[in-house]
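This text leads through the inside of one protein model.

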Amino acid sequence: MDRTTPAGEAEEAQRILDMEVPSSRRTLGPFLAQAFRWLGIAFVAFHMVVLLVYPIDPTIGRPVHVYVGAILGLGLFAASTNSRLDRVAWYDWLLILCCIGIVTHFALDADGIEMRAFMGPNERDTVVGLAALLILLEFARRTAGIAMPIIAIVFITYIFAGPWLPGALYHTGVPWRDAVNFLAGTEGIFGITTSVSSTFIIMFVTFAAFLQTSKAGEFFNDLAMGLVGWARGGPAKVAVVSSSMFGAVSGSSVANVVASGTFTIPMMKRAGYDAETAGAVEATASTGGQLAPPVMGAGAFIMAEVLGVPYQEILIAGIIPAVLYYVACYSHADLHALKAGLHGLPRSELPNLARLMLRAYLFSPLLILIIVLLSGYSPFRAAGLGIAATIVIMFGTFLAHRVFIARENPFTALIASIWQLWLAICEALAGGAREALQLVAVCATAGIVAGVIGLTGIGGRFATILLELGGTVPLLAMTFAAIVALILGMGVPTTAAYAIAAAVVAPGLIRMGVEPLVAHMFIFYYAVLSAITPPVALASFAAAGLARGSLWGTSLKALKFGMATFLVPYMFYLNPVLLAQGPLLGVFQALATAGIGVVLLACATEGYMGGRLALPLRFVCAAAALMCIVPEGLTDLIGIGLGTVLFAWQKFGRRHVLA
């Protein structure tokens with residue numbers, strides 16, 4: 001199919017999204033497609049009612065969340081790319097019946113299950129638990145790829161292999177029935193990660209779907225064009241700004257790339273960027289969206305639950321790291337444009353800012369979300385109010401367009417607008433269900449890993465090893481934690497990578513004396529950065545697909561563009577004030593010096609500061625950057641002074657010598 005046509009672009013966008021999930025997405029006939037679509041709508045609507053109107057027992061709610069989600073996953077994704085994609089196979093119907101049986105078991109016997117959690121499960125609990133584990137692994141494989149189930153199977157195997165393993169890996173073993181019932185209970189599949197998935201994550205994914213349906217994403221792109229499209233390297237800066245806005249409400253780096261990159265990457269290529277550079281800029285900018293408040297990707301909700309703190313505290317702590325990330329991205333885009341002599345877009349091609357402000361109401365759901373969150377309400381209630389605001393905006397837009405532009409009869413316009421709103425709400429709910437499936441699967445599967453860690457005690461032994469490693473060189477232990485998070489993130493989605501690394505590594509860092517919030521933010525940050533870290537860099541690969549560039553070339557350039565961002569976690573490890581943990585004056589001072597540090601590091605990486613930097617001067621610039629990063633007044637002054645002298649030399653002294 002021709003990619004230049006709208007249908008071709010949609011097909012290409014879906015192909016790129018399938019880089020993050022399996023490409024065995026079914027194309028069902030009209031009847032089954034509509035049946036699963038309405039099941040998805042009901043699935044999301046159920047969560048909204050339970051969270052906002054009529055709460056139910058989590059013993060029922062969480063199995064419904066996981067296994068109705070599994071019904072959707074088993075129906076919409078085939079077992080393999082070799083399977084027929086136009087119908088649901090007989091064995092999938094059998095698995096779907098098993099899912100219905102699992103949900104029925106929990107729904108009809110919730111009180112008995114809770115009682116038997118203390119008295120001991122019966123045989124039916126064990127059979128249902130075993131089926132639940134097996135079906136969940138298949139659900140995760142189809143929606144999130146093979147890596148996550150393999151990790152879960154390795155951990156499950158460890159339960160039984162422990163008595164034969166040496167050293168810190170040894171444990172006495174657990175009977176298989178006890179293991180099954182433990183992992184299929186509230187310490188495993190239905191534990192913290194599923195609790196977060198069935199509350200915060202499902203609501204915020206739905207909120208993002210409503211924003212997309214309301215065309216807020218298009219407004220973000222247009223606003224970014226109007227704000228920075230005229231500047232040197234304007235298209236790249238548009239990618240940075242629009243990705244920061246859209247990414248703030250989206251939980252996937254690849255989804256961010258597709259939403260923003262289909263618009264910004266062709267624009268960058270027309271402005272003179274090569275395919276690899278255009279893809280790298282978009283991949284790096286889109287990855288940062290998962291670090292940007294107020295949503296920060298799904299992992300931040302798990303972090304709040306694990307730490308036992310209000311989500312608002314995570315939101316506030318994430319502001320400065322996100323600012324530093326995008327300062328680094330913007331600096332790289334600007335310096336690259338200077339080096340390459342790239343200009344901005346003609347103002348005649350840019351949206352009119354004054355006219356754009358007439359659509360500024362599209363920002364109101366996001367503002368309402370932030371205000372409600374900071375007022376102390378629960379995150380899912382804040383998301384519910386954001387969704388309500390989006391619905392009001394969509395209805396007002398539909399009605400105003402029909403009455404004032406199409407000049408329809410007011411009564412006819414009202415009826416037609418109500419119908420149009422209903423269709424838009426259904427589309428948003430269906431979109432929320434589609435986007436939530438992978439997160440439901442990975443969160444529940446991460447619960448298996450967390451359950452094994454709790455059942456065998458391996459987390460405590462691993463923490464001891466990490467404590468010994470960090471006892472002499474704390475930075476070495478932090479680097480080890482970063483590598484674990486990066487490696488995990490190369491094979492599984494960010495949320496799962498963070499959840500597993502947090503369960504395995506974070507306790508050791510905390511026992512080393514690292515503040516809990518710092519330890520978890522450090523791990524979370526590197527789990528997110530895995531999206532642009534070769535050899536498996538999903539965001540970079542997705543951007544390369546859109547740009548028609550080399551996968552490795554795009555990945556390596558994204559790594560270079562994001563180089564300054566890889567030091568940001570060390571900044572808030574060395575100086576927790578950057579997580580807004582301290583007096584306001586100290587926070588602003590730390591932000592200013594850290595900002596100067598990332599700009600200097602970008603200059604060193606790009607080899608440009610008021611002119612091309614010779615190799616020795618790049619090392620001087622990097623040293624100045626590191627001095628600004630170290631949280632000491634004296635080193636800050638030395639770093640700023642060194643950077644100032646270097647800039648003056650590059651700007652004036654070098655020219656004088658050359659003259």
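A cavity is a set of points, on a 1 Å grid over the protein atoms alone, where a 1.4 Å probe fits but cannot get out; a pocket is an open set with protein on both sides within 12 Å along at least five of seven lines; and lining residues have an atom within 4 Å of a point. Grid points are joined across faces, edges and corners, and a volume is the space filled by probe spheres set on the points. The model is predicted: local features need pLDDT of at least 70, side-chain atom pairs count only at pLDDT 80 or more, and totals for chains, interfaces and linings use all residues. Residues are numbered from 1 along each chain as its sequence is written, and side-chain values use heavy atoms, with hydrogens and water left out.

One cavity of 30 Å³ or more is found in the structure. The largest cavity holds about 40 Å³ of space, and its lining consists of V240, V281, T284, A285, C329, H332 and F561. The largest share, three residues, comes from α13. Five lining residues are nonpolar, two are polar and none is charged, where Ala, Val, Leu, Ile, Met, Phe, Trp, Tyr, Cys and Pro count as nonpolar, Asp, Glu, Lys and Arg as charged, and the others, Gly among them, as polar.

The second largest pocket has a volume of about 550 Å³. It is lined by 22 residues, and the closest to its centre are I113, A117, N181, G185 and T186. By class, this lining has ten nonpolar, six polar and six charged residues.

C329, in the cavity lining, leads on to the cysteines. The whole structure has zero disulfides (pairs of cysteine sulfur atoms within 2.5 Å). For C329, the nearest cysteine sulfur is that of C603, 14 Å away. For C621, the nearest is also that of C603, 5.0 Å away.

The largest nonpolar core has 212 residues. Such a core is a set of buried Ala, Val, Leu, Ile, Met, Phe, Trp, Tyr and Cys residues joined through side-chain atoms within 4.5 Å, and buried means under 20% relative accessible area with a 1.4 Å probe, protein chains only. Helix α20 (residues 410-456) gives the most to this core, 21 residues. Among the residues with the most contacts inside the core is F522. Leaving aside residues up to four places away in sequence, F522 touches M478, A481, A482, P569, Y570, F572 and Y573, contact being heavy atoms within 4.5 Å.

How values were computed
Buried means under 20% relative accessible area, exposed over 50%, partly exposed in between (1.4 Å probe, protein chains only). Helices (H or I, at least four residues) and strands (E, at least two) are DSSP runs, numbered from the N terminus.
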